[in-house]
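Good morning, and thank you for coming. I shall present one structure today, and I ask that you keep it in view while I speak.

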Amino acid sequence: MSFEKITEKLLKMLEETDEVTLKDLELMGEHLEFSVLPGIVKSVTQSTQQMISQVSMQQQLKPAEWIETKFPEIKNEYKGKIEEVTFYRNKNKSKVVIGGETVPPFLSFFGEKNPHRPVVSLDVFDYGRSFPKPIKAIYKDVYDDTVAWARRAEKFGADLLTFHCLATDPLLLNRPIKEDAAMYEKILDAVKIPVIIGGSGNKTMDPQLYDALGKIAANDNTRTMFSSADKETWEQVIPLSLKYDQNVLLWTQLDINDQIKLNKDALDAGLPRNHTVIDPTCATLGYGLEYSYSIYQRYRISGLLGDKTLNFPTSAGTTNAWGAREAWMSNKKAPQWGDIFKRGPLWEVTTALAMALCGLDLAMMFHPLAAQTFKNICMDFFAESKKVTPPIGEWVTMKI
Amino acid sequence: MELVKRASPLQIYKLLDRSNCKECGRNTCMEFVTDLLERRVKLEDCPPKHLPPKKRKQIEELIKPPQLPLEFGAGKNLCRIGGEEAFHRHDLTFFNPTAIAVEVYDEMPNLMDVVKHLDEFVVFRIGENLTLDAIAIRSSSNNPDMYAKTVKLVSDSVNLPLILCSFNPEVLKSAAIKIKEKKPLLYAATKENWKDVGKCAIELNLPVVCFSTDLDELVSIAHSLEDMGVTELALDPGTIMGAGYSTETLNRIMQIRYSSIRDGSELTKHPTVGVPASIWAIDNPTSEEELFAVQYKEALTAIMMLSVDVSLVIIHSGRTEEEVWVPLALMTYRQNIFTDPRIYPRVDAGFFEIGSPSRNSPIFMTSNYRMTKIPVEQDIKDAHIDSYLLVVDTEGLGIEAGVAGGQLSSDKVAEAVNDFKVFDAVDHRVLVIPGMAARLSGAIEDDANCYVVVGPMDSSGLQKFMEKDWNLEQFMKEYNDR
């Protein structure tokens, strides 16, 4: 075969081949010339390079060299601001301000810090019910003495209280509103902090309740909050808030469109922006907390990015956590979950912390240990930064 | 930035041969693309003859998440962390749940009992077995022989992947070499030891955690190790909690998060590690009360880290049955947060048989909120009650919320009773409603023409309810007397 023919054949073969390996080949000659196509040259170089890099990996030819590197800059894109809402007693003798955020919760590396930590309101109910054991242990003796209950909750370090007037629901005790109004007046006399007015959820009775208790708050020179107005009651509740200069909690149920609409309606009806708090509903740990997590976060991020329909402080009823069976079920019934006095409050404070990291301003809580723990965590986040780093690395060798 | 920069399905579809060969198990190439983006199918499932290397590579680049995934452990016992692409959960979904590891140490007196407990630890919740993901073994002895021996012993008796913890490269290597086939995660490379730890990682082909509370230093360690040839890295920016520290700790985690997932920086593209356990090196509880406080602090630090999608947390509490409430809360929270937010909380309303109901079986009512309906159904099954379950459309809200907001009303119940011809299935007109809906009982009796029995406040009480309170004859007598 002529050399030309061999080359032609070879080239044809090579067209369909990625790689040619020559085995046991001896080449002899005085002068040896290879002329190959550029494409082939490339692949030869590539595979040589690959081989070299493999060899270098194995032999670690590359010396270890410290590369001083600067952490990338993080740009701040949050241009919006959450509204500030104020609660006070007797013309400012005690005052609580929430909201005012310009950056996501607890962050400070954007060069700005949020002005107010999340605050805690402890629940006071107008009648005792069958509450879980850890709650019972704290309040059982004051179930029938609402004023004593309120005093105790204040002593636990609450920033605010919420007086829940459940008994006024005709389907529950159908208690006359004037009885709860009298209780509310006594509570205000007994404590120094603002007391939020909590409805029973009955759409007919709640506006009447806010009218009666709002009047008492106004006479006390107190600005607190009606908790709450929803899509069925806002038309009655907003005028009452204007009449008595009270904040209003606009409550919806895990639905962003409902919240936007309710906020808009309330503002159109004259509710000042700095009197508006929103509650998109706090589900509990283990039973849908993720829905609340995402909706609180969406509202807060939208507000921080400049959305004026959602830039309001938020409230969450973390008391709902006690509806989770991991929180309320007794040690006898659920020994596999550990001590109820530990898991119960942890369930509530976890719910609160999760919401706070998404954007929560006011936690309505039930168990004092959960409340104190949550408040301490928030205060820790708001404390002045310490520059000295404790020796956390010692963790690795500790003998516990 | 709110939008996650994701490859569009069409971008990928164009690179496929669109033959709809079905070899990946999907009916069409488009279906493959959708599932690929949802990570329900792997790119390797598309056979080579249908996807040449060049195009495969292009697709790989397109679907590469801004945070690299990292795997440690071997065989069936893999721990896969990182690989996230959503900054907020609601932007898309979080893909790889935060791995939870409990730590032990080589001189621990009852070490083998503890690791067995951790290995077998499981909590069953809402249709899912929740387990731990790894065991971290520290070397408190700082003795290479002792550590290597202990690690080998543990490795031979547990299934969970291991994390080897020491700042002494010699100690680390002595153990790593013994169990390298099980691919442990090395903790940690620091400014002081990175060369030797890096060398060990390259020789044994293992992933490494970099540790520093200074972010510049942290990325310098990572960068230097990468340059050396270490490919699998994770970043631990240090865990310190308390007044003056908490914000700094969260700041560091979040700066890495913004940089990698929002901004796509190469320097921070690694999974992150948090060590709530390190709190115990600072806070030394001396009383029962203080112990409890530190346990809370640790648990809530871990909760914070799960909230912001830290890839791996190492905790101290949880070694014993007594401390079960700590991992229980963490694993429950993780189960919540790592649920796909695109799955709606609403399930189908309807009328369902549970077990083999007869004409005298009870009818229970519940809402169509996923987290209500599923546990209720499970409880009835667990209690072996042959029955019917009426799921009312409450717009996806739970019982208490539905009653409060009006989405669960007597009209709604009556409508469901009629629509699903509920009482055609039985020879009675008794409806058991949840205790939380007790307020509606009178109205439901009127609107749905039935006898309402208020059941327990929680479906876990249904078994007791059936034993003590269920009396069909009595109920029907009262119904007929009206």
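Predicted model: local features only at pLDDT ≥ 70, side-chain atom pairs only at ≥ 80, totals over all residues.

Let us take the interface. In chain B, 102 residues are in contact with 91 residues of chain A. The size of an interface is often given as the accessible area lost when the parts come together. For chain B and chain A, that buried area is about 8500 Å², with 63% of it on carbon and sulfur atoms. Which residues of chain B lose the most area to chain A? They are B:Tyr296, B:Leu300 and B:Arg439, which together account for 8% of what that side buries.

One of these residues, B:Arg439, also takes part in a salt bridge: its side chain meets that of A:Asp169, at 2.3 Å from N to O. Across the interface of chain B and chain A, the rule finds seven salt bridges. As for polar contacts, 39 residue pairs are counted between chain B and chain A, both residues being at pLDDT 80 or more. On the side of chain B that touches chain A, helix H9, residues 246-262, gives the most, with eleven residues. By type, the residues of that side comprise 50 nonpolar, 31 polar and 21 charged.

I now move to a helix of chain B. Helix H12 covers residues 325-337, which is 13 residues. From its first C-alpha to its last, helix H12 reaches 18 Å, close to the 18 Å expected at 1.5 Å a residue. Is H12 of chain B largely enclosed or open? It is largely enclosed by the rest of the structure, because 13 of its 13 residues are buried.

Next, a single residue. B:Lys180 lies in a loop of chain B, between helix H6 (169-176) and strand E8 (185-189). Its relative accessibility is 37%, so B:Lys180 counts as partly exposed; the class runs between 20% and 50%. Beyond its neighbours within four places in sequence, B:Lys180 is in contact with B:Leu204 and B:Leu206. B:Lys64, by comparison, stands 116 residues from B:Lys180 in sequence and 28 Å from it in space, C-alpha to C-alpha.

Finally, chain A. Its secondary structure comes to twelve helices and ten strands. Chain A has 400 residues, of which 53% count as buried. Among its contacts between residues at least 6 apart in sequence, 68% join residues at least 24 apart.

That concludes my presentation, and I thank you for your attention.

Definitions and conventions
Residues numbered from 1 in each chain as written. Chains lettered and ligands numbered in written order. Heavy atoms only, no water. Contact = heavy atoms within 4.5 Å. Buried area = accessible area lost by both parts, 1.4 Å probe. Salt bridge = Lys/Arg side-chain N within 4 Å of Asp/Glu carboxyl O. Polar contact = N/O pair within 3.5 Å; in protein donor to acceptor, adjacent residues only side chain to side chain. Helix = DSSP H or I, 4+ residues; strand = E, 2+ residues; numbered from the N terminus. Nonpolar A, V, L, I, M, F, W, Y, C, P; charged D, E, K, R; others polar. Buried < 20%, exposed > 50% of the residue type's maximum accessible area, 1.4 Å probe, protein only. Expected span 1.5 Å × (residues − 1).
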